[in-house]
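This report walks through one protein model, element by element. Please keep the sequence and the coordinates in view while reading.

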Amino acid sequence: MDLNRRNFIKLGAAAGAVIAVESKLGLFANAADLELGGRGTAVNPDKISGTAWDKVVPYTCLVCNIEDGGLAFIKNGRVKKLEGNDKHVSTRGRLCAKGNAGMWHIYDPDRILYPLRRTGPRGSGKWKRVSWDEALSEVAARINDVLAKGHPNEIMIKWGRERSGGASTRFMSTLGSNTIVNHTSICESSKKIGMQPTWGPDIETPDFSKTKYILNFGSNILEAAYFMNPYSQRVAEGLVDNEAKLVTFDVRLSNTAGRSHEWFPLFPGTDGIVALAMANVIMQENLADTDFIDTWTNYPSDKLKEYLKQFTPEMAEKYSGVPAKDIRRVAIEFAITKPATTYTYRGPAKHLYGSYNERCTMLLPIITGNIDTPGGYCLPRGMGYDQPQPKPPGGKEPSYLSTPPDYPLAEHKVSQLTPFWIKEGKQKISLYFNYMSCEAFTNPAATFWQEVLMDEKLIPFSVTFSNQMNETTNIMDLVLPDVSYLERHDPESMPSSLWPWVGIRQPVVKPLGENVEYREILKNIIHKVDPDGSKGMKKYWEFKDGEDYLRQQFDNIPGLKEVGGYDFLKENGVWPIYGKLDPATGRIVDKSGVEIVAEYGLYKKEDPNGKVKINGKTYKGFGTHDGKINIHVEEYEKYGFNPLPTFKPHPWHWKEDGSSKLGGPEDMILTTFKWNVHTQSRTGNIKLLSEIVHSNHAWINRAAADKIGVKNGDLIRITSPVGYIVTKARVTEGINPRVIAVSNSLGTKFGRVATVDKKSGPSMWGSVEDPDMKNIWWTTEGVNPNTIIPVSADPIGGSQGWYDTVVKVSPAKAGDKFGDTKVDNAKHMAFFKETVEYAYTGKMHRKMHPEVKVEKLPEPELKKGH
């Protein structure tokens with residue numbers, strides 16, 4: 001109806017009446033309001049009698065990988081709401097929208113509630129319910145067949161968000177297999193391989209709340225980056241309370257870019273040259289902290305100053321599009337403003353030379369001395385835990401898939417190439433395990449993953465632990481359904497703030513249906529494989545249950561045992577408790593009401609076992625081989641890469657003379673991004689989150705759209721070297737004119753909420769009728785871009801080049817419909833061979849741009865087969 005004032009009032013009254021009726025029916029019973037930002041209030045579980053809750057249980061979230069501390073409010077055995085744990089030093093009583101909606105992972109109407117065995121061809125959707133004993137017996141028989149042949153590496157596991165505290169690795173080690181493929185290259189491996197050899201850890205923890213200046217390269221800190229919840233809180237404090245300036249370099253106007261003081265929509269993959277040009281300005285203007293450079297790094301300031309001269313702001317402008325005058329100005333502002341920090345996430349790293357980009361951005365806080373200082377670029381603070389004893393010895397032989405010889409620095413972090421290696425026969429697979437991963441949807445070349453997983457000659461038998469039917473579950477042979485994260489045990493510790501902590505994930509309610517905790521499933525498989533212990537496996541899995549396993553892991557953490565160990569965590573959710581949440585400020589304060597203060601300068605601690613000696617004293621230093629920040633990295637040099645921070649123009653984007661390879665206005669770079677309420681494949685069927693975001697139209701710059709004749713809402717075709725998708729255009733000023741961006745979170749063909757399927761009833765695998773289905777008012781418009789993104793791999797860090805694919809964008813052709821997807825897997829294979837061979841032979845990383853001169857770059861000896 002027309003929305004005028006009178007109708008708006010009528011609509012409001014009608015909605016109020018509906019809520020009143022449904023409240024009487026108990027549909028909204030005890031659904032207490034949340035404070036702004038999901039802020040929790042202090043809850044004493046001992047004083048809840050007479051309240052709306054039977055109990056309040058602390059836990060650690062796992063909707064994404066941030067691991068926020070939460071509280072589950074329980075009534076009559078059901079979770080009624082989730083809020084933040086006010087005792088948690090990092091998240092400080094707040095959850096994000098995904099976390100607040102987390103209970104619907106328990107009550108997903110399409111959840112798989114018992115084991116399933118495929119009865120028709122893979123992908124046919126034909127299943128039968130089987131008992132746990134029948135399912136486990138079949139898996140054990142398959143394992144024994146493989147082990148009897150003496151080839152344990154033919155047993156493979158592919159995981160995504162593995163937060164079991166080491167249970168998966170323990171399982172594979174027990175079986176003697178090293179064929180472990182994780183998700184890291186799909187996420188941030190090039191960032192890690194950029195940081196680790198530079199200063200030791202593979203992550204940073206900027207002190208945002210106390211800084212005065214933030215240079216943000218390609219990170220959507222406020223809604224989708226690593227540690228989004230704790231970081232976004234502290235960025236907001238820095239901006240508001242400390243009047244910090246936020247400058248963002250990002251191809252797209254994310255919510256972080258939109259809330260920045262300045263936003264520069266640079267060309268994809270050019271973060272590194274912008275950072276190098278800034279470092280050059282800082283050095284030439286004598287604004288660097290040369291004392292810090294000469295004392296705490298392995299490269300003298302005078303040589304660094306000379307080396308950086310080649311990276312001029314004008315050179316950076318040519319590649320990035322960021323004006324040289326702005327590069328100079330921002331560099332000087334950053335250098336003279338104390339304290340200051342940088343931050344990166346996937347933006348710089350998810351490119352062919354992402355590790356170079358990461359090292360370039362790290363250079364800025366290093367040369368200005370903003371390392372581990374209040375308001376600076378700080379070392380991560382983490383807290384480890386043990387593995388139950390005894391520990392299995394692991395496999396004896398290396399597996400090609402986990403230690404590919406052509407990626408010596410990246411090691412196992414090139415999982416996107418796995419299906420191609422399997423197809424080529426580099427590693428035979430007899431038994432495939434899938435855990436918390438939907439590679440047939442969320443990975444690049446998703447259709448190629450589907451092809452390989454469907455091929456019973458390549459993968460004779462496959463098992464998933466998923467409790468969701470999705471693109472990968474649908475083509476498995478056996479489903480052993482894990483519980484949701486609110487029904488399981490896990491240890492947690494993440495460097496999400498400047499205060500180290502260890503947390504617990506524990507069941508807040510009993511598991512639904514016949515679902516069994518993942519760790520228990522693994523134990524039961526081993527007990528089936530080695531029932532009497534004669535094979536020497538069972539002894540590694542002699543724990544009673546998930547709680548007993550965690551008690552052993554937490555038993556030897558100094559200080560925790562003295563306050564109660566696991567029981568303390570069970571009651572509080574986290575340890576240590578550094579203070580109390582001040583509801584007026586949202587910060588943690590001590591007993592006197594003063595905000596707690598972090599410890600800084602960790603590398604400057606005197607330590608008799610340290611590696612750095614200065615004036616007769618020995619200091620802890622950094623986690624590198626010599627205890628210093630390694631601006632010059634020997635490991636890079638060993639394998640023929642530039643040992644100093646440098647910029648490599650992407651050969652798909654740039655000619656050797658520095659001119660663009662892109663042709664007319666239809667040529668663009670395809671990038672993807674994550675919505676703040678979605679996580680790849682696991683949230684599409686969460687009703688509250690899908691109501692907020694249920695379409696992923698392609699962001700396209702207005703000027704670019706005008707040139708190709710596209711208007712907002714028009715159907716467009718995006719064509720890559722391997723195929724095309726058809727979606728709708730979202731015309732906006734908020735994106736680089738040579739970039740088109742499509743979210744990677746939508747487009748699944750599974751789940752009644754995700755697909756807005758109001759006609760189908762419950763499935764045969766235990767799903768239920770959901771009265772909310774009738775209330776879905778929206779239509780979904782999602783298309784998966786991962787199918788047309790070919791694989792690539794940073795030869796240094798192994799990362800997938802998510803933001804590198806050159807595409808052609810055009811108005812839709814006659815007969816095109818929204819969501820149409822056409823992909824040629826033969827082209828995926830050809831693209832894999834061409835690009836990977838290019839990287840292997842060294843052609844790519846030795847083609848330095850003629851403007852860039854390096855001090856030393858030896859030619860590696862290339863042997864046959866390398």
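## An enclosed helix

In α6, the buried residues are S189, S190, K191, K192, I193, G194, M195, P197, T198 and W199. Buried means under 20% relative accessible area, exposed over 50%, and partly exposed in between, with a 1.4 Å probe and protein chains only. Helices (H or I, at least four residues) and strands (E, at least two) are DSSP runs, numbered from the N terminus.

The model is predicted: local features need pLDDT of at least 70, side-chain atom pairs count only at pLDDT 80 or more, and totals for chains, interfaces and linings use all residues. Residues are numbered from 1 along each chain as its sequence is written, and side-chain values use heavy atoms, with hydrogens and water left out.

What do the buried residues of α6 pack against? The partners are α5 (184-187), β11 (340-344), α14 (346-349), α15 (354-367) and α23 (634-638). Contact here means heavy atoms within 4.5 Å. G200 follows α6, and its phi is positive, near 110 degrees.

## The parallel sheet

β11 also belongs to a sheet. Its 4 strands run in the order β10-β9-β8-β11; the sheet is open and the pairing is parallel. Two strands pair if DSSP finds at least two bridges between them. β10 (262-264) and β11 are the edge strands, each pairing on one side only. From one strand to the next, the twist averages 15 degrees. Axes are lines fitted to C-alpha atoms, for helices over the stretch in contact, and angles run from 0 to 180 degrees between N-to-C directions.

Strands β8 (residues 213-217) and β9 (residues 245-249) share 5 bridges in the parallel sense. I214 has L246 in β9 as its bridge partner. Helix α9 packs on this sheet and touches β8 and β9; its direction makes about 145 degrees with that of β8. Helix α13 (residues 324-336) lies across β8, β9, β10 and β11, and runs at about 135 degrees to β10.

## Two helices side by side

α9 also meets α15. Their axes come within 8 Å and cross at roughly 25 degrees. The two helices are therefore roughly parallel to each other. Angles under 35 degrees count as roughly parallel, over 145 as roughly antiparallel, 65 to 115 as roughly perpendicular and the rest as oblique.

The crossing of α9 and α15 is left-handed: the near helix is turned anticlockwise from the far one by less than a right angle, whereas clockwise would be right-handed. On the α9 side, the contacts come from D271, G272, A275, L276, M278, A279, I282 and M283. On the α15 side, they come from N357, C360, T361, L363, L364 and I367.

## Nonpolar cores

Which residues touch the most other members of the largest nonpolar core? They are L215 and F249, in a core of 60 residues. Such a core is a set of buried Ala, Val, Leu, Ile, Met, Phe, Trp, Tyr and Cys residues joined through side-chain atoms within 4.5 Å. Helix α9 (residues 271-284) gives the largest share of this core, 10 residues. Apart from this core lies another, of 46 residues, including I143, M172, I180 and F433.

L215 touches V247, F249, M278, V330, F334, T341, T342, Y343 and L364, not counting residues up to four places away in sequence.

## Antiparallel pairings

A further open sheet has 3 strands in the order β1-β2-β3, with antiparallel pairing. Its edge strands are β1 (55-60) and β3 (78-84), each pairing on one side only. Neighbouring strands are turned by 30 degrees against each other on average, direction ignored. β1 and β2 (residues 69-75) pair over 6 bridges. Y59 stands opposite G70 in β2.

Elsewhere, β22 (residues 667-673) and β27 (residues 805-811) pair in the antiparallel sense over 4 bridges. M668 has V807 in β27 as its bridge partner. β24 (residues 715-720) also runs antiparallel to β27, joined by 4 bridges. I716 stands opposite P811 in β27.

## A buried glycine

G503 sits in strand β16 (residues 502-505). G503 is buried, with a relative accessible area of 0%. Its C-alpha atom is separated by 4.9 Å from that of E492, 11 residues apart along the chain. Not counting residues up to four places away in sequence, G503 touches T60, D490, P491, E492, F554, L569, G573 and V574.
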